[in-house]
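Please go through the following structure with me, question by question, keeping to what can be computed from its atoms.

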Amino acid sequence: MSTIVALSTPVGRGAISVVRLSGDKSLVIARLLAPQLDNVKARYATLAQLRYPETGEVLDEVVITYFQGPHSVTGEDVVEISCHGSPAIVRQILDQTINLGARLADPGEFSLRALRNGKIDLAQAEAIRDLIAAETEAAVKQASRQVGGELAHTLSLFESDLTKVMVLLESALEFVEDDLPPNQVESVVQLLTSTVTGVEKLANSYSAGRLLQHGVNVAIVGSPNVGKSSLFNRLVEQDRAIVTHIPGTTRDTLSHAIDIGGIPVVLVDTAGMRETDDTVESIGIERTRRAMTDADLVLQVVDGSEPDAAFLDEISTASILVLNKSDLGPSVVSIKDARSVRVSALTGEGLDELRAAILASLNRGDSSYEGLLITNARQFDLLSLASMAIREALGLLGDRASEELVLVPLHNALRYLGQITGETTSEEILGQIFATFCIGK
């Protein structure tokens, strides 16, 4: 198999960058660049000078670490070169390694080789991608659990129970002339029921896991001068939006990502909604309408100190009524919706209650995130298919169908579960999955 090379740290300037090689020629190429590596010891860092092979001129002073296969991240010989973090140096190192016989790695190819060499399963590989993309502490913890193999272990228990049932049914086909006795049928039903309950519980965790991994968009809307931008600044804890006493200051949408209870939330400040002949303001209001449509949740802000506060009638998304300016006294607004929160963007009063309301509206009012969560749509779809297949088998058992018919959906269920960990996943599907990874992973 060819030797691959890629930058494994982010592109750009930094204290150090790491260039990684994997394949049979990794150490040979490293020695051609750094001749002093003749006596390099596996798993030990070695200070070395990289030199241009043609001229012997020094390219950079680096730290080289060699991992001998199969005791490496990919299961192959791996060399990691920690160099100074100049894009020019990185580019020269990559060029020299390619000239010496390596090729630039495809997206996710290091992880794909690790999968093929049995170092990780597909669920762990996807968890590594999620760990890199994690934006909150809770998302990091969840991805770390899957990197550790917790999902594969849970699925192996389901697969073991399905296999027990299938062995029993296969034996009945081969060696039993009569139907299975009622007590064995009851045992099979109980085992399949327990298995499908576990599969469905895991699948149902996707609603929470999806929020944890991908987050939500929350649009702040309302009439001009009700304090939308002030509330936005309070929630993001920065003076991102311009705030004045002049109505219509905000002319465009402004977004900022924050963490609320472990969920990545993108807050969107918007232009005030009102009738206007101002061309620029009209464009901003149109963008407000688009932001409302795209949002997972809308915070409708009204001036709680004004009895005739204006409400928006065009909100179709889930929303929370935010009664702002509580510092001016008790709200005199006639509340249309029980889901309301009193706040003061000026003093910060009520912001904790607002954050709690946002979490509750997302059906995730706690931030503990205990237990294994499915954060991947592909895995959710496969668990759902496995659940339907097991339910189909249970229905066939209830109809006293032959063992041969019952076995068909059980084989399908086993195959669906295997696709989550990569045991039964085709090369084409693997290629599509790993194409979403970064180049150096």
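Q: In which sense do strand β7 and β10 pair, parallel or antiparallel?
A: This is a predicted model, in which local features need pLDDT of at least 70 and side-chain atom pairs count only at pLDDT 80 or more, while totals for chains, interfaces and linings use all residues. Residues are numbered from 1 along each chain as its sequence is written, and side-chain values use heavy atoms, with hydrogens and water left out. Strands here are DSSP runs of E with at least two residues, helices are runs of H or I with at least four, both numbered from the N terminus, and two strands pair if DSSP finds at least two bridges between them. Five bridges link β7 (residues 216-222) with β10, with leucine 297 of β10 as the bridge partner of valine 218, and the sense of this pairing is parallel.

Q: Which strand is joined to β10 by six bridges?
A: Strands of a sheet pair through backbone hydrogen bonds, either parallel or antiparallel. Aspartate 303 has asparagine 324 as its bridge partner, and the strand that runs parallel to β10 over six bridges, residues 319-324, is β11.

Q: How many of the residues of β10 are buried?
A: Buried means under 20% relative accessible area, exposed over 50%, and partly exposed in between, with a 1.4 Å probe and protein chains only. In a regular strand the side chains alternate between the two faces of the sheet. In β10, Leu297, Leu299, Val301 and Asp303 point one way and Val298, Gln300 and Val302 the other way, and all are buried. For the strand, residues 297-303, the count of buried residues is therefore seven of seven.

Q: Which are the edge strands of the open sheet of six strands?
A: The order of this sheet is β3-β4-β5-β2-β1-β6, with mixed pairing. The strands that pair on one side only are β3 (45-51) and β6 (103-104).

Q: What angle does the direction of helix α3 make with that of β1?
A: Helix α3 (residues 109-116) packs on the sheet and touches β1 (4-7), β2 (14-22) and β6, where contact means heavy atoms within 4.5 Å. Axes are lines fitted to C-alpha atoms, for helices over the stretch in contact, and angles run from 0 to 180 degrees between N-to-C directions. On that basis the angle is about 135°.

Q: Which residue stands opposite valine 78 in β5?
A: Strand β4 (residues 58-67) and strand β5 (residues 78-85) pair in the antiparallel sense over five bridges. The residue opposite valine 78 is phenylalanine 67.

Q: Is arginine 43 buried or exposed?
A: Arginine 43 belongs to the loop between α1 (26-33) and β3. Its phi, near 70°, is a positive value in a residue other than glycine. Because its relative accessibility is 56%, arginine 43 counts as exposed.

Q: With which residues is aspartate 161 in contact, leaving aside its neighbours within four places in sequence?
A: Aspartate 161 has its place in helix α6 (residues 150-175), and with a relative accessible area of 19% aspartate 161 is buried. Apart from those neighbours, its contacts are Leu191 and Thr195.
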